[in-house]
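Here's a quick tour of a protein model, with an eye on how its inside is put together. Have the viewer open while you read.

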Amino acid sequence: MNKSSFRTVARRGATVAAISVAGIALSTGAANAAAPTSTWDSLAQCESGGNWSTNTGNGFSGGLQFTSSTWQAYGGSGSPADASREQQIAVAERVQASQGWGAWPSCSSQLGLNGGGGAPVQQAPVQQAPVQAAPVQAAAIEAAPVAAAPAVQAPARHATSVALSGETYTLEAGDTLSIVADKLGVAGGWQHLADANLDTISDPNLVFEGQVLQLPA
């Protein structure tokens with residue numbers, strides 16, 4: 001076998017779904033269109049009342065209510081609540097490109113936001129392992145195998161048990177978790193209300209008239 005060396009370079013391509021904007025509602029019809037900052041402001045208003053530095057203490061923080069693991073997985077550093085509005089929007093754009101507007105299920109539904117997603121999380125390129133010189137000329141040099149980095153798994157948005165008050169609320173026609181949380185003044189918003197009903201609500205977007213909700217303490 002002739003002497004040779006092999007180099008392995010790990011590359012991943014990224015394809016970002018195109019999003020066109022008409023007011024607040026978005027579709028996937030136009031190529032390479034990014035959501036305007038006004039759309040992120042509207043989403044933040046729904047998620048956190050427009051408070052970009054909020055930290056409710058329920059695992060979500062910042063104007064767009066990031067979990068710390070999602071924030072770090074998509075390039076954020078420190079705490080979302082300590083980051084600027086522009087930094088939070090930059091990370092949110094990467095989350096939206098990968099997961100779509102469904103990363104914010106209730107508020108995106110209320111605002112008519114849809115589409116996006118499908119772009120993989122960008123990972124740092126794997127550095128080539130150094131090739132060790134063989135002391136004997138007859139032996140072929142083999143490159144060290146490169147282990148593939150595990151894909152980052154986005155965390156579930158509602159997996160925290162909360163204390164219950166013992167009170168209940170029966171959903172009426174037109175109710176959403178966000179509407180009920182605002183109506184009843186639930187601390188922590190619709191996320192806290194969803195967490196209080198993990199046994200009966202698997203998708204915060206799918207609630208029904210007549211459904212009985214447990215209210216958090």
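In this predicted model, the largest nonpolar core has 32 residues. Inside that core, the residues with the most contacts are Trp40, Leu43, Leu64, Trp104 and Leu177.

| Element | Residues |
|---|---|
| helix 1 | 37–48 |

On to the rings. The structure holds 4 aromatic pairs. Take Trp101 and Trp104: their ring centres sit 6.1 Å apart and their planes meet at 50°, so this pair counts as tilted. The reasoning is simple: stacked needs planes under 30 degrees apart and edge-to-face needs over 60, so a value in between is tilted. Both Trp101 and Trp104 are buried. Ring pairs also bring in Trp40, which joins Trp101 and Trp104 in a cluster. Two members of that cluster, Trp40 and Trp104, are the ones you met among the core residues with the most contacts.

Gln65 isn't a glycine, yet its phi is positive, at about 55°. You'll find Gln65 in the loop between helix 1 (37–48) and helix 2 (68–73). Is Gln65 buried or exposed? Gln65 is buried, with a relative accessible area of 2%.

Technical notes
Residues are numbered from 1 along each chain as its sequence is written. This is a predicted model: local features need pLDDT of at least 70, side-chain atom pairs count only at pLDDT 80 or more; totals for chains, interfaces and linings use all residues. Side-chain values use heavy atoms; hydrogens and water are left out. Rings of Phe, Tyr and Trp (its six-membered ring) pair if their centres lie within 6.5 Å; planes under 30 degrees apart count as stacked, over 60 as edge-to-face and the rest as tilted. Buried means under 20% relative accessible area, exposed over 50%, partly exposed in between (1.4 Å probe, protein chains only). Helices (H or I, at least four residues) and strands (E, at least two) are DSSP runs, numbered from the N terminus. A nonpolar core is a set of buried Ala, Val, Leu, Ile, Met, Phe, Trp, Tyr and Cys residues joined through side-chain atoms within 4.5 Å.
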